[in-house]
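Please take me through this model in a viewer. I would like to know what to select at each step and what is found there.

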Amino acid sequence: MTESHPRISKAVIPAAGLGTRFLPATKATPKEMLPVVDKPAIQYVVEEAVSAGLDDVLMITGRNKRPLEDHFDRNYELESALQKKGDAARLAKVQESSDLATMHYVRQGDPKGLGHAVLCAAPHVGHEPFAVLLGDDLIDPRDPLLQRMVEVRERHGGSVIALMEVAPEQIHMYGCAAVEATDDGDVVKVTGLVEKPEAADAPSNYAIIGRYVLDPHIFGILRETEPGRGGEIQLTDALQQLAQDEKIGGPVHGVVFKGRRYDTGDRGDYLRAIVRLACEREDLGPDFRTWLRSYVAEEM
């Protein structure tokens, strides 16, 4: 019989980055608040966590990130104005973000890398397993990646990371996993990890994308992890220790994702994500697709 492991209820979203690739737009506006059609990118991420049953959300923030807290808080003046105008549709949209989840916030302080950001969540998470969602990766809600990862954790224990096959010439941009097949077609056993290897040194073409379900033993390892690539404390380095020694915090598995993913951390992919999502909207799609076809035809 398969052992059952504790249900996960907490999600951690690191959001302390400076967003330098989007300057000058991010000089005074957090990159996580940049709109993807008509919602900030960070709201898509919180919605994904809630859809997977994780309604206790801790956001790791930094200086100039107050708009994140304001977005998920009530805005009584705006709500009152919309209510007086009888604009029920927009009122519902405004209230949606504040009713999504129980939100918590902690500042990272020093930008010491993703591993350090995750470590900042230790007092809130305690000894429970938890999920980490990076805001640059938007996962289409029709492809429930995080929910599948939670299921794998509940079945096998340990930690679970999201993997995606990429071209060899792209692997240097990602953490990379050495893997072994399992009886489940979309699940692999992770035997090793390396952060942003050159193509010749990569153990596979399985890249880590921004979703993790982690055993709380990761905190003890992160406290002892020395700065790695880029002089930062790398979460990949800590996961490598878990993969090498299952006695510490259980095995590390990977879920191979083949669904729809939108990378909003790159300016080109950010624009492509907006176009794709706008085209699929019932309220915007028909007119937008018509204009887009006309524009492309004129440009060709």
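Start with helix α4 and color Leu 91, Ser 97 and Ser 98, which are buried. This is a predicted model. Looking down the axis of α4, you will find the buried residues within an arc of 130°, so they line one face of the helix.

Helix α4 covers residues 88-99, and its 12 residues should span 16 Å at 1.5 Å a residue. The end C-alpha atoms are 16 Å apart, which agrees.

Next come the salt bridges, of which the count is 23.

Select Lys 31 and Asp 136 for one of them; the closest N and O atoms are 3.3 Å apart. Lys 31 sits in the loop between β1 (10-14) and β2 (35-36), and Asp 136 in the loop between β6 (130-133) and β7 (137-139), so the pair ties together parts 105 residues apart in sequence. Lys 31 counts as partly exposed because its relative accessibility is 23%. Asp 136, at 24%, is also partly exposed.

Move on to Arg 211 and Glu 48, whose side chains form a salt bridge with an N to O distance of 2.7 Å. Arg 211 belongs to strand β11 (residues 206-214) and Glu 48 to helix α1, so show both elements to see how the pair links parts of the chain 163 residues apart. Are these two residues buried or exposed? Arg 211 is buried, at 0% relative accessibility, and Glu 48 is buried with a relative accessible area of 13%.

Then select Lys 189 and Glu 246, another salt bridge, at 2.7 Å from N to O. Here strand β10 (residues 187-195) holds Lys 189 and helix α10 (residues 246-249) holds Glu 246, and the two residues are 57 apart in the chain. Lys 189 is partly exposed, with a relative accessible area of 22%; Glu 246 is partly exposed as well, at 38%.

For the last stop, show the surface and select Trp 291, Tyr 295, Val 296 and Met 300. Together they form a nonpolar patch with about 490 Å² of accessible area. Met 300 lies in the segment after α12 (285-299) and counts as exposed, at 83% relative accessibility.

Definitions and conventions
Residues are numbered from 1 along each chain as its sequence is written. This is a predicted model: local features need pLDDT of at least 70, side-chain atom pairs count only at pLDDT 80 or more; totals for chains, interfaces and linings use all residues. Side-chain values use heavy atoms; hydrogens and water are left out. Patches are made of residues with over 30% relative accessible area and no salt bridge: like charges are joined within 9 Å, nonpolar side chains (Val, Leu, Ile, Met, Phe, Trp, Tyr) within 5 Å. Accessible areas come from the Shrake-Rupley method with a 1.4 Å probe; for residues, only the protein chains shown count as cover. A salt bridge is a side-chain nitrogen of Lys or Arg within 4 Å of a carboxyl oxygen of Asp or Glu. Helices (H or I, at least four residues) and strands (E, at least two) are DSSP runs, numbered from the N terminus. Buried means under 20% relative accessible area, exposed over 50%, partly exposed in between (1.4 Å probe, protein chains only). The expected span of a helix is 1.5 Å times one less than its number of residues. The arc is that of the directions from the helix axis to the C-beta atoms.
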